[in-house]
Amino acid sequence: MRATPTLLVLALAGLAAACGGKPKPEQPAPEPTPAATPAPAAAPDADSIARAREDSIRAAQAAGAERINAVKADLAAMINFDYDQAVIRQADQATLDRKAAILAANPNVKVQISGHADERGSDEYNLALGNRRAGAAKRYLENKGIDASRMDVVSYGEERPLNTGHDEAAYAQNRRDEFQVTAGGDSLVAPQ
Amino acid sequence: MTRLTARFLALPILLVCAAAPRAAAQDTTHAIDQGGVRVGIGYQPGVRPGLVVLPTAGVDSARAMVHRDLDFSDRFEMVPLPASPPGSQGGSDAVNYGLYKTMQAEFGVELTPATGGVTVRLHDISAGRVRNQQTFALPAPTDPSYRLEVHRISDEVARWATGTMGVAATRILFVSNGRIYMMDSDGEAITPLTAAGQTSLSPTWSPDGQRFAFTLLVGGRGGIWVQPLAGGSPTQVTGTNTGLNITPAFSPDGRLLAYAHSDESGTDVYVANVADRCCAQRLTVGRYADNLSPTFSPDGRRIAFVSTRAGPPQIYAMAADGTDQELLAPFDYGATGASNGPEWSPDGANVVFHREVDRSPQLFLVDVAGRRVRQLTSSGRNEDPTWAPDGRHILFISDRSGLRQLWVIDVETGRVRQLRTPGAARLPAWSRRLGRTAVAP
């Protein structure tokens, strides 16, 4: 995220340079020194100018796409929970804070939050637990100023494990909230 | 059979109190590992009468089913036939009472073919006479109602011998890979009831055995549906078309359906009038807490349920109108594991549930009058208990064999046996005794 503006500046600079086929009046006329007259060799032909222009447009587009992909990744980033808990962990607060900033910058975006549980614990209770986990994330985002109507809460309990293993590493991955954009995902902008 | 008998003789008598869950778990683990079996009630080996199913020709499939049903009833010591059985035909005059008496048999069950059915005699071996005799109509073995009719014969024989009806003429609903199946009490005649490729959960019987309710999970939401067993499409219970609606349970008169409704403010128990298709009423108000898994007492006056109001899920009870809410199964805060899946016993005296011990669920009973908690299992993971209508057999899910399979424990003898099921079975529900109008699979 932090590298993105730098990339953009570089790209724009490249674009400006490529378009610089105009005279440069502030430059003094070259000295009549043979060694210092590389003008014919340095003068770019029309093809290379066009190529450079395309390259820089591509670079700018790539930088923009990368930035939007980063925004999408932040929106979709999962958060995890302790066993039989629906409390947002300290480490996940930054993840949710980034989502809140993105949602604030994109008022048309709506998300569905789905809560999940690991396979331990009662199958039926896990549906309620997943619901509570999704609700906890929604309340956190509401407290950050996101309108409740933009967030939908569902639960899959233990019915959709991310990792089908039967060890603590798998369980830890499966105790999660997933975030899916359900509207407004086509025109995302990065938060200020 | 001899193997089982030997195991019964070796059974210890164990009583576990909720007050000291850790100590209790340690005390019982050793005993469990010996036999894989737990007992909560004192059982004296040899008290059960010996019963032999006499060798007769012509009704092999019915005879085999009755033999297994009487064995599964856990009310008899099944006496194996000698290697060269005496007289395999003839009337009751031909029964070798002397031989069976030396084999410790108190009862002899004899099935002989009759026109359109089977004649069943219960012999009193020591008295050397026929104690009961009746001819039962039986359809052809290929008829869909054949197995249930044979199971009824088994239940009647149990009643002749012990005064108490058996539970063979019952059926079991369970979930495997998101699909609900029905099977006979002996684990046979497995029939799918819902479509494949869906996530159907938590099947529960209507008291008349004609319908079942279940949750259909779609996209992280779920409605509760009631499906007739005679065929026809399921109908959604009024009020369950938004959010997540789980854990349905019929009232004993079949008019009400209690269930849990989840939305972002938590999960609460509601009750809907399915007889009149109206009026869902909220019974619990747990702001951000979960209240779920309702189960009616047999008189319909109270509902036991799971609540996280004090932290981890535990077993509570309330009046059927939501008033008078109280803790039902005592627990030590911070020490006792999560408790879930309650089901009220048919006699009203106990509620069975599963509670985590060292993060592994085990079956427990709480007696409603004394609030004493008793642990029933400790081998492997044991969960989702459901009562047979006799109030002594409990069907549950266990992974003690390596797979999640259906098992039955008899709380009076402590005997545990497995029911054959395909795939990973879960969330079973045992029917009441099914009447003549019960639908064939």
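**Entry 1. Chain A, overall**

I began with chain A and found six helices and four strands; helices (H or I, at least four residues) and strands (E, at least two) are DSSP runs numbered from the N terminus. I note that this is a predicted model, in which local features need pLDDT of at least 70 and side-chain atom pairs count only at pLDDT 80 or more, while totals for chains, interfaces and linings use all residues. Residues are numbered from 1 along each chain as its sequence is written, chains are lettered from A and ligands numbered from 1 in the order in which they are written, and side-chain values use heavy atoms, with hydrogens and water left out.

I read the order of elements along chain A as α-α-α-β-α-β-α-β-α-β. I then looked up burial: of the 192 residues in chain A, 37% are buried, where buried means under 20% relative accessible area, exposed means over 50%, and partly exposed lies in between (1.4 Å probe, protein chains only).

For contacts (heavy atoms within 4.5 Å), I took those in chain A with a separation of 6 or more; 78% of them are accounted for by residues 24 or more positions apart. The accessible surface of chain A is about 10,600 Å², and carbon and sulfur atoms hold 55% of it. Such areas come from the Shrake-Rupley method with a 1.4 Å probe, and for residues only the protein chains shown count as cover.

**Entry 2. A:Arg98**

I located A:Arg98 in helix 4 of chain A, which spans residues 90-105. Its relative accessible area is 39%, so I recorded A:Arg98 as partly exposed. The side chain of A:Arg98 is joined to that of A:Asp74 by a polar contact of 3.3 Å. A polar contact is a pair of N or O atoms within 3.5 Å; within protein, one must be able to donate a hydrogen and the other to accept it, and residues adjacent in sequence count only if both atoms are side-chain atoms. I also checked A:Arg98 against A:Pro191: they are 93 residues apart in sequence, and their C-alpha atoms are 8.8 Å apart in space.

**Entry 3. Chain B, overall**

I counted five helices and 29 strands in chain B. Chain B has 441 residues, of which 57% count as buried. Among its contacts between residues at least 6 apart in sequence, 46% join residues at least 24 apart. I noted an accessible surface of about 17,300 Å² for chain B, with 50% belonging to carbon and sulfur atoms.

I found B:Arg147 in helix 5 of chain B, residues 146-162. B:Arg147 counts as buried because its relative accessibility is 18%. Its side chain makes a polar contact of 2.6 Å with the side chain of B:Asp184. Leaving out residues up to four places away in sequence, I listed what B:Arg147 touches, including B:Met65, B:Arg68, B:Asp186 and B:Glu188.

I next examined backbone angles. B:Asp74 is not a glycine, yet has a positive phi of about 60°. B:Asp74 sits in the loop between helix 3 (60-72) and strand 2 (77-78) of chain B, and at 1% relative accessibility B:Asp74 counts as buried.

B:Arg371, also a residue other than glycine, has a positive phi near 60°. I placed B:Arg371 in the loop between strand 23 (360-367) and strand 24 (373-375) of chain B. Its relative accessibility of 26% is why B:Arg371 counts as partly exposed.

**Entry 4. The interface of chains A and B**

I found 25 residues of chain A in contact with 33 residues of chain B. The two chains bury about 2,400 Å² between them, 47% of it on carbon and sulfur atoms; buried area is the accessible area (1.4 Å probe) that two parts lose on being put together, summed over both. On the side of chain A, the residues that lose the most area to chain B are A:Asp123, A:Glu124 and A:Tyr125, together 24% of what that side buries.

I counted six salt bridges between chain A and chain B, a salt bridge being a side-chain nitrogen of Lys or Arg within 4 Å of a carboxyl oxygen of Asp or Glu. B:Arg426 and A:Glu159 form a salt bridge through their side chains, at 2.7 Å from N to O.

Which elements give two or more residues to the side of chain A that touches chain B? I found helix 5 (123-143) and strand 3 (151-157) of chain A. Helix 5 of chain A gives the most, with 10 residues.
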